[in-house]
Amino acid sequence: MNSAISARRRPKTGTMTRIVLLVSFLILFGRLLFIIPGAIEHHQQKKTIPEPVTLSNSDSR
């Protein structure tokens with residue numbers, strides 16, 4: 001009888017796993033789409049403004 005109960009629960013568990021994975025990927029994809037415009041703008045600003053050159057002094061101890 002235990003095998004009959006576990007056989008019924010398996011498809012439900014598999015379905016729930018697929019639903020959870022689908023929701024997780026949708027959230028991940030949504031966050032990626034939300035962040036891309038800001039990342040592109042930040043990258044363009046970083047390319048146009050060069051960082052100041054710092055001189056290292058090998059004498060300092």
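The secondary structure first: the chain has 1 helix and 0 strands. This is a predicted model, so please hear everything that follows as computed from that prediction. The helix is H1, and it covers residues 2-48.

Next, the surface. The chain has 61 residues, and buried residues make up 0% of them. Its accessible surface comes to about 6600 Å². Carbon and sulfur atoms account for 64% of that area.

Which residues make it? They are Phe29, Leu32, Leu33, Ile36 and Ile40, and the patch is about 470 Å². Take Leu32 from that group. Leu32 sits in helix H1. Leu32 has 47% relative accessibility, so it counts as partly exposed; the exposed class requires over 50%.

Last, Thr48. This residue is also found in helix H1, whose range is residues 2-48. Is Thr48 buried or exposed? Thr48 counts as exposed, because its relative accessibility is 61%. What does its side chain contact? A polar atom of the Thr48 side chain lies 3.0 Å from the backbone oxygen of Gln45.

Key
Residues are numbered from 1 along each chain as its sequence is written. This is a predicted model: local features need pLDDT of at least 70, side-chain atom pairs count only at pLDDT 80 or more; totals for chains, interfaces and linings use all residues. Side-chain values use heavy atoms; hydrogens and water are left out. Patches are made of residues with over 30% relative accessible area and no salt bridge: like charges are joined within 9 Å, nonpolar side chains (Val, Leu, Ile, Met, Phe, Trp, Tyr) within 5 Å. Accessible areas come from the Shrake-Rupley method with a 1.4 Å probe; for residues, only the protein chains shown count as cover. A salt bridge is a side-chain nitrogen of Lys or Arg within 4 Å of a carboxyl oxygen of Asp or Glu. Helices (H or I, at least four residues) and strands (E, at least two) are DSSP runs, numbered from the N terminus. Buried means under 20% relative accessible area, exposed over 50%, partly exposed in between (1.4 Å probe, protein chains only). A polar contact is a pair of N or O atoms within 3.5 Å; within protein, one must be able to donate a hydrogen and the other to accept it, and residues adjacent in sequence count only if both atoms are side-chain atoms.
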